[in-house]
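Here is my note on the structure. Please read the points alongside the sequence and the 3D view.

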2 protein chains.
Amino acid sequence: MEANRVYNFNPGPAVQPLEVLKEAQSEFLNFAGTGESIIEISHRAKEFEKVLNDAKADIKELMGLGDDYEVLFLQGGASLQFAMIPANFATEEHKGAYVISGSFAEKAYKEAKVLEVGTIAGSSKDDDFRHVPTQDEIKVPQDAAYLHVCYNNTIYGTEYHYIPETGNVPLVADMSSDMLSRPIDFKKFTFIYAGAQKNLGPAGVVVVVAKKSFLEKSPTDIPTIMRYSTHLEKNSLYNTPPAFCIYMVGKTAAWLKKQGGLAAMAERNAKKSKLLYDVIDNSNGFYRGHASKESRSFMNVTFRLPSEELEKKFVDEAKAIDLCGVKGHRSVGGMRASIYNAMPIEGVEKLADFMEKFKKANA
Amino acid sequence: MEANRVYNFNPGPAVQPLEVLKEAQSEFLNFAGTGESIIEISHRAKEFEKVLNDAKADIKELMGLGDDYEVLFLQGGASLQFAMIPANFATEEHKGAYVISGSFAEKAYKEAKVLEVGTIAGSSKDDDFRHVPTQDEIKVPQDAAYLHVCYNNTIYGTEYHYIPETGNVPLVADMSSDMLSRPIDFKKFTFIYAGAQKNLGPAGVVVVVAKKSFLEKSPTDIPTIMRYSTHLEKNSLYNTPPAFCIYMVGKTAAWLKKQGGLAAMAERNAKKSKLLYDVIDNSNGFYRGHASKESRSFMNVTFRLPSEELEKKFVDEAKAIDLCGVKGHRSVGGMRASIYNAMPIEGVEKLADFMEKFKKANA
């Protein structure tokens, strides 16, 4: 570990690749020989245009997508997407259908409900969101405008390990916490979005990757800035973009390519998560995972301890050895270790080792 | 001038204070002893909460505002505010009234029109936006939900030098390009907003300063994230905020306080703009200012040259001596020197000197 740095297991904002941080730091006063900081240069400058277009190209290359897909960089986080998606695509006749697999999936559905264009296609709420609904648990209305899924549920530590079949209904996915963490057949999705602050960069930009044909036809009775067609036509430069965030996403995508792309990431992330799940599974019930095994997330490992007192002790002792941000979300309780792309394996090894020792000392 | 840096006259994103950039750079890998970058720390961490609350307090202190006002940090730029303001405050019975003083004022009005809740209260379009409408040119409907003005018109180089009287109608102002550049009786405004990327920090955050009582009552049939009440209740932490941008705005506000606050800024900005306006006024018509004298902006100095050929030559020769970004907006043509708070007087002196020499060589 770098001097003065900690292992940061926060769910987002989250750990970023140290090489990327250092590169950004070194050129912060003078970007690409412009004599200006990346936060000072015009968003119409050719140097910034290159940043934006390179980031788009790298993301599409990593995802294996072609010219029929477009990458947009928008503001407002996934939360604004929750509103924009139904406003752009759903109607009272052709509702947006939602699979409720956790809090954020539910938030997305609620925004469709505000506009009276949402319906539920499946839910695992009765199971306390321990698993993502199976194909059998999802009923896709064939007149739906889309089927919306939340592909990784950060709070509950669950993740889809299959791509829902939807017939002719476009598949829309919130991949805020697992985009670019492993190869997925992204072509089966019509619209993917992700708040950057987990695997992609700093908070303040949301990355949309979607079929151009889907983005082209926005209604004109919604605000101009809420129409996907606006951003498609203007290459994400309809208004001043969050330039620094886009720049960091670009650097992160380039870093991912250097690491070997999504296949290499998947291997590393599988290894990292296995380290922690193995400790849980071999703890004789000292650690109890929240997620059902078949839905376990590669990104967020959630578990409880025998008592809340021990959970507090765990958090404190972990922090004392620079393992930070392991406290779980209040709605699940216990622990959550978020181990996104940028979390080095050494950090996870250190946490797994700490978990073993903590169990021995407290079981 | 710092080695390898240029004087950046871009309209936004724009020059930022060098001290602020250096401070951010130095702590980029380890913010406030957390062992994490400011882009990595949790938005729920006490260290970030302090950043946000200090930024709010400093902005209110600079503006001389008390507890009846709230500061919000939102995403989507002024463009999303154009949509949120009418959606939150206007109705068909109580329309939003708009003064059209330039392109962005007009864009704001158009978004109210999309929702069918906008009306025009005055315009200087017939004058090619050379002046901001006078009090006499503004007719405030007394049943209006608000009167919206764009306080500085970046493209045209005009700025209000008076505060419109509105009777009982709340005054709403887009101050994207002049907020915190001079003392104004901000208490006369009910709602002020500014995209950060001119005087306040990086693109990616919009700062709203408004009366709490005005923000409290948002309609519930618009998306949750578009309701001001949502952000008021959650202290701008309803969803993950653009943390880096807020952090930079906070640093910039602290820097402004150290410089002597808005009175000191006003003095400096008046001096800077006078340098350029004097060259224009004493050029025997070689330089022709776009703005009428009584509406001249302290922030954006716009002027034409005798021919487009000379204008191109001016831009090229300026750039060759590190005076960058002086090309005007295409809708006005010619030159625009944006001289926000962070532009040092030396940069403006160098530009004024260049203008004199260029005139002598080409008149």
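1. Terms and basis. Helices (H or I, at least four residues) and strands (E, at least two) are DSSP runs, numbered from the N terminus. By that count, chain A has ten helices and 14 strands. This is a predicted model: local features need pLDDT of at least 70, side-chain atom pairs count only at pLDDT 80 or more, and totals for chains, interfaces and linings use all residues. Residues are numbered from 1 along each chain as its sequence is written, chains are lettered from A and ligands numbered from 1 in the order in which they are written, and side-chain values use heavy atoms, with hydrogens and water left out.

2. Overall form of chain A. The C-alpha atoms fill a box of roughly 60 × 55 × 30 Å along the principal axes. The radius of gyration, taken over C-alpha atoms, is compared with a globule rule of 2.2 Å times the number of residues to the power 0.38. For 363 residues a compact globule would have a value near 21 Å, and chain A agrees with 21 Å. Of the 363 residues in chain A, 66% are buried. Buried means under 20% relative accessible area, exposed over 50%, and partly exposed in between (1.4 Å probe, protein chains only).

3. Salt bridge between chains. A salt bridge is a side-chain nitrogen of Lys or Arg within 4 Å of a carboxyl oxygen of Asp or Glu. The whole structure holds 36 of them over all chains. One is formed by B:Arg5 and A:Glu40, with the closest N and O atoms 2.7 Å apart. B:Arg5 lies in the segment before strand E1 (7-8) of chain B and A:Glu40 in the loop between H1 and H2 of chain A, so the pair joins two chains.

4. Salt bridge in chain A. A:Lys257 pairs with A:Glu61, the closest N and O atoms being 3.2 Å apart. The pair links distant parts of the chain: A:Lys257 sits in helix H7 (residues 243-259) and A:Glu61 in helix H2, 196 residues apart. A:Lys257 is partly exposed at 34%. A:Glu61 is exposed at 53%.

5. Salt bridge in chain B. B:Asp281 and B:Arg296 meet at 2.7 Å, N to O, in a salt bridge. B:Asp281 is in helix H8 (residues 261-281), and B:Arg296 is in the loop between E11 and E12, 15 residues apart. B:Asp281 is partly exposed at 35%, whereas B:Arg296 is buried at 12%.

6. The E11-E12 loop of chain B. B:Ala291 is found between strand E11 (288-289) and strand E12 (300-304). B:Ala291 is buried, with a relative accessible area of 11%. The C-alpha atoms of B:Ala291 and B:Thr302 are 7.0 Å apart, although eleven residues separate them along the chain.
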